[in-house]
Amino acid sequence: MMKYNFNEIEAKWQKYWAENGTFHAENNSDKPKYYVLDMFPYPSGAGLHVGHPLGYIASDIYARYKRHQGFNVLHPQGYDSFGLPAEQYAIQTGQHPAITTKTNIKRYREQLDKIGFSFDWSREVRTSEPAYYKWTQWIFIELFNSWYNIETDKAEHIDTLVATFEAEGNATVKAVCDDDVTVFAAAEWNNYSSEEKQEILLKYRLTYLAETEVNWCPALGTVLANDEIVNGVSERGGHPVVRKKMTQWSMRISAYAQRLLDGLNTIDWPQPLKDSQTNWIGRSQGAMVTFKVDGHDANIDVFTTRPDTIYGVSFMTLAPEHDLVAKITTADQKEAVENYVEATSKRSERERMADVKTISGVFTGAYALHPFTGEKIQIWIGDYVLASYGTGAVMAVPCGDQRDYDFAKHFGLEIPNIFENEDISEEAFSEKEGVKIANSDFLNGLTYRKAMKTVIYEMEQRGFGKGKINYRLRDAVFSRQRYWGEPFPVYYVNGMPQMIDVQHLPITLPEVEKYLPTETGEPPLGNAEVWAWNTETNEVVGNDKIDNETIFPLELNTMPGWAGSSWYFFRYMEKAAREGDFASSAALKYWENVDLYIGGSEHATGHLLYARFWTKFLKDRAFVGVDEPFKKLINQGMILGTSALVYRITGTNTYVSKGLKDQHEVDEIRVDVNMINTSDELDINDLKAWQPQFENAEFILEEGKYIVGREVEKMSKRWFNVVNPDEICEEYGADSLRLYEMFLGPLEQSKPWNTAGITGVFGFLKKLWKLYVGEEGVSKATDAVPTKDNLKTLHKTIKKVAEDIENFSFNTSVSTFMICVNELTDQKCSSREILEPLTILVSPYAPHIAEELWERLGNEGSIATAKFPKFEPKHLVESSKEYPVSFNGKMRFKKELSLELSKEEIEKIILEDERTQAQLNGRTPKKVIVVPGRIINIVG
């Protein structure tokens, strides 16, 4: 038999696919469309490990399956190529991030190609390419030129707002805007200066400049999003992060809060991911209440979901970063307050939210006035209140809120009880239903629902409150103080932002000498010598030419990492970059949105939320025709590493084998898994050569071997447990890798990698090859008519594999293939009618061997679009039954009989059987019980 030479076969078909454009999708096709997409990777210097392709393999199986079903499949790939790692490398080495990124992409592409993905590389996207980010800049400009009309519930061009201002002023305008907008008449607007108009419009625009509390990382020199911070430090590098106020570009995503919530009901996403977004958006219904500050011309606005408990307010708590803190703090409390504010600035919002045990705060010395009673209420600051949520202030009702209760107990503050017949001596009472309000004037005796309506009405009548729906979702900070990101298409005239005309895009990154912030603390673009905008020639010119008349400074910040990934799925719809738009209307109409999106759940409140926001905006402005970017989403699990542990006797340089470690006090040390064989035996010579600390080490062995311990954990360079897919492909083949990753377990679950386990699927592929290929590569296929068993095996496989793919249960398909090949081998099947459809079934999972077998069966071209076999139930219908034949309840023999026989015919055949005659020994049976299709019992 000719050997299964997987290296040769895989290289052959990868070359064929590339040269023939096998997986290039067409924008003009009579076929139904299906758009399959993976969350595109950031090309890191480390390249891929075996955990990375898991989702890609799953999406590739589905994409190939859909092609077999007759769909025009778009399955593109590209790179989210702006990112902090390349910039950090540039800071360390001076090498331009573009060079690093290009090198990394080349490595990624080589690895991806080796695994045999059916990507349409003709549509490749790189977010750091000017031809791509031209359109990211364009979207930013369109957001700047838009406002959110509450009446039409969508974004509109800013010109419609300006027209209203010119004709009517803003008194009747219902818009999502800043809270401090003042009312003006049309005459006032028309008399404002250009700068005054621009300042007002910034309060309405969907992207705007504002002083914002941000997460500032001094070591990285940039602002970080909440999801880029882990345990109070930067995810990248583990550097300290502090809260700081900076003038930043922000996106008014809050305008879309309700639509983002409602849209979750229209898409097929995992419920835990939907829950994450729902909680992140955080819709709550209540009231906005205004408290006056005693002795100051200032008010504190508070959003509360329990205005019915307002008579229980005994103090107020402000976020330490609240604007009023510095203004109202008394001289006696100034030092304590400032120290507390500084300490809080070193903790991230997530850290503060997660810390429910620590109780801390400081009295400002100031008082607020209760809006109903006029009584004085102490104003405190506490880090459990966040400036970014609500108004950054809470009215503390300790009898009804446990955190307020604990705060009041800790600091000895009053806890008035406003609940009828409820004991609050030990803890707060937080129930809403089945209780009446007490000690609350006009609210006494009312239930929760009636009290809510009554108090909101009363507040509105007296003018210090109103009913309101609030959202936890904050506007997204859109500025980053780094070099390697999209430049803003913005220049400044007298401090006011101006957009560069679309026809002059892209504004590309300038050369800089250093990638660090400037000595004066400006972002890295502040190091550029050519970074000013000439409004006469419409080009970037040297900074030394800035005259603030025709040449003006450009924006020094760059866009965040999520900018380019918020719309890339639309760019893939077009084959090549276009001048007039990011994709033609015909392409956008044909492909619409992504039918299947696969990626990690860690993007729930980052990329996935921002992509939904931008899609809804683009739909509002009629740039796209869909309201949601991804119809169906699957979160793949993680392939975990199996780390290798060696055991050093504490205080020595001696290492004991795993079975001896309990006899000593030892330290666990992780070592490179590539030095361990499949029996967990360590190659000591490799270890000694690996790191200096092991060079002179001594080893205590078990039966002449050093056996390592194992620990299942995240696959990471840090733990030395990374397995390179290139090595797996070289030793076992890409088809083995693909099958094994699916075989490990359900797609959504995390599972450990064990290289030793791949031999099972590798053996299966060799057995599959043997079923088809004989001596010297000659096909074993014949025109023999398939047997009933052949057809039964094939069709139960068709049924199971189709069901598995539709349900994304890829792991059970692999088992099904193994059973099928074993059965066909036992049946000595060589029928082309069986082998040909089986090849198509295997194709999505192991495409290289399938292509080769397809060709050896005498077919021309690729198997990629061969029609998926149709399941025929008739082949699974049993035509006969092997009956157990019992005598007085004891089974004596079995007999195969047709299921078409009647009860009488079965009885006749059984009684005539010589084995029955032997059992009866001449006796006449008293009774013969026959249940067709089930049992035969002779009572003698």
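Student: Which strands does helix α2 lie across, and at about what angle does α2 run to β1?
Tutor: In this predicted model, helix α2, which covers residues 53-68, lies across β1, β2 and β24, and α2 runs at about 170° to β1.

Student: What sheet do those strands belong to, and in what order do they come?
Tutor: They belong to an open sheet of four strands, ordered β2-β1-β24-β25, in which the pairing is parallel.

Student: Which strands stand at the edges there?
Tutor: The edges are taken by β2 (72-74) and β25 (630-635), and each has a single partner strand, so one side of each is left without a neighbour in the sheet. From one strand to the next, the twist averages 20°.

Student: How many bridges link β1 and β24?
Tutor: Strand β1 (residues 33-38) pairs with strand β24 (residues 594-599) over three bridges, in the parallel sense. If you want to find this pairing in the viewer, look for leucine 37, which stands opposite tyrosine 597 in β24.

Student: And α19, which strands does that helix lie across?
Tutor: Helix α19, made of residues 607-620, lies across β24 and β25, and its direction is at about 175° to β25.

Student: Switching to helix pairs: at what angle do α3 and α4 cross?
Tutor: The axes of α3 (residues 84-93) and α4 (residues 97-114) cross at roughly 125° and come within 8 Å. The two helices are therefore oblique to each other, and α3 passes α4 in a right-handed crossing.

Student: Which residues make the contact?
Tutor: On the α3 side the contact is made by Ala86, Glu87, Tyr89 and Ala90, while α4 contributes Pro97, Thr100 and Thr101. Sorted by class, the contact of α3 with α4 has four nonpolar residues, two polar and one charged.

Student: OK, electrostatics next. How many salt bridges does the structure hold?
Tutor: The structure holds 46 salt bridges. One of these is formed by the side chains of glutamate 458 and arginine 462, with 3.1 Å from N to O.

Student: Why are glutamate 458 and arginine 462 separated by about one helical turn?
Tutor: Both residues are in helix α15 (residues 448-462), and because they are four residues apart in that helix, about one helical turn separates them.

Student: Back to strands. What do β32 and β33 form, and how many residues are between them?
Tutor: β32 and β33 form a hairpin with two residues between them, and asparagine 888 in the turn has a positive phi of about 55°. Strand β32 (residues 880-887) and strand β33 (residues 890-898) pair over eight bridges in the antiparallel sense.

Student: Which residues in β33 are opposite lysine 881 and proline 884?
Tutor: The bridge partner of lysine 881 in β33 is leucine 897, whereas proline 884 stands opposite lysine 894.

Student: In what sense does β32 pair with β35, parallel or antiparallel?
Tutor: Here the sense is parallel, with three bridges between β32 and strand β35 (residues 935-939). Phenylalanine 887 has isoleucine 938 as its bridge partner in β35.

Key. Residues are numbered from 1 along each chain as its sequence is written. This is a predicted model: local features need pLDDT of at least 70, side-chain atom pairs count only at pLDDT 80 or more; totals for chains, interfaces and linings use all residues. Side-chain values use heavy atoms; hydrogens and water are left out. Axes are lines fitted to C-alpha atoms, for helices over the stretch in contact, and angles run from 0 to 180 degrees between N-to-C directions. Angles under 35 degrees count as roughly parallel, over 145 as roughly antiparallel, 65 to 115 as roughly perpendicular and the rest as oblique. A crossing is left-handed if the near helix is turned anticlockwise from the far one by less than a right angle, and right-handed if clockwise. Contact means heavy atoms within 4.5 Å. Ala, Val, Leu, Ile, Met, Phe, Trp, Tyr, Cys and Pro count as nonpolar, Asp, Glu, Lys and Arg as charged, and the others, Gly among them, as polar. Two strands pair if DSSP finds at least two bridges between them. A salt bridge is a side-chain nitrogen of Lys or Arg within 4 Å of a carboxyl oxygen of Asp or Glu.
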